Amino acid sequence: MMNFLLVAVGGFFGAILRAVISKRLNHKNRFVHFGTFTVNMLGSFALGFLVNIHLHTNANLILSIGFLGAFTTFSTFKLETLTLVHAKQWKQFVIYSLLTYTIGLYIAYAGFLMAALYLS
């Protein structure tokens, strides 16, 4: 039961921060989905970092699973890409999809490497 509580606490704060960042960035930028893109990239870096520092189980439940699980938003990304397809905005669809997948992988790896530097 305690594990679920730890995940829920982390998720509570991750979801709130995601909502705040997404709302602010999505309305201030020409790139419509910049908020979602930003939280997913920040989350990718953070998760790469946290995986490599081998957190204690409780910290992993709060931060990696709870906070970052709620902070990043794969479902919103999918909805946004489907919205672009439905609107036949093919160029924006391709750019958004490619940037999210490729940069996300590189940023997660950068977080992983940053943790290795931190630990050495």
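Helices (H or I, at least four residues) and strands (E, at least two) are taken here as DSSP runs, numbered from the N terminus. On that basis the protein has 5 helices and 0 strands, and reading along the sequence gives α-α-α-α-α. The model is a predicted one, so to speak of local features takes a pLDDT of at least 70 and side-chain atom pairs count only at pLDDT 80 or more, while totals for chains, interfaces and linings use all residues. Residues are numbered from 1 along each chain as its sequence is written, and side-chain values use heavy atoms, with hydrogens and water left out.

As for overall dimensions, the C-alpha trace spans about 45 × 35 × 20 Å along its principal axes. Of the 120 residues, 31% are buried (under 20% relative accessible area, with exposed meaning over 50% and partly exposed in between; 1.4 Å probe, protein chains only). The accessible surface comes to about 7800 Å², and carbon and sulfur atoms hold 74% of that (Shrake-Rupley method, 1.4 Å probe). Taking contacts (heavy atoms within 4.5 Å) with a separation of 6 or more, 71% are between residues 24 or more positions apart.

Now for the helix pairs. Two packed helices are described by the angle between their axes and the distance between the axes. Axes are lines fitted to C-alpha atoms, for helices over the stretch in contact, and angles run from 0 to 180 degrees between N-to-C directions. Helix 2 (residues 34-53) and helix 3 (residues 57-71) cross at roughly 170°, and their axes come within 9 Å. The two are therefore roughly antiparallel to each other (over 145 degrees; under 35 is roughly parallel, 65 to 115 roughly perpendicular and the rest oblique). Their crossing is left-handed, as when the near helix is turned anticlockwise from the far one by less than a right angle. On the helix 2 side, V39, L42, G43, A46, L47 and L50 meet L63, S64, L68 and F71 of helix 3. That contact splits into 8 nonpolar, 2 polar and no charged residues (Ala, Val, Leu, Ile, Met, Phe, Trp, Tyr, Cys and Pro count as nonpolar, Asp, Glu, Lys and Arg as charged, and the others, Gly among them, as polar).

Further along, helix 4 (residues 74-86) packs with helix 5 (residues 90-119) at an angle of about 155°, with the axes 8 Å apart. That makes helix 4 roughly antiparallel to helix 5. Helix 4 passes helix 5 in a left-handed crossing. Here F74, F77, K78, E80, T81, L84 and V85 of helix 4 meet W90, Q92, F93, Y96, S97, T100 and Y101 of helix 5. This contact comprises 8 nonpolar, 4 polar and 2 charged residues.
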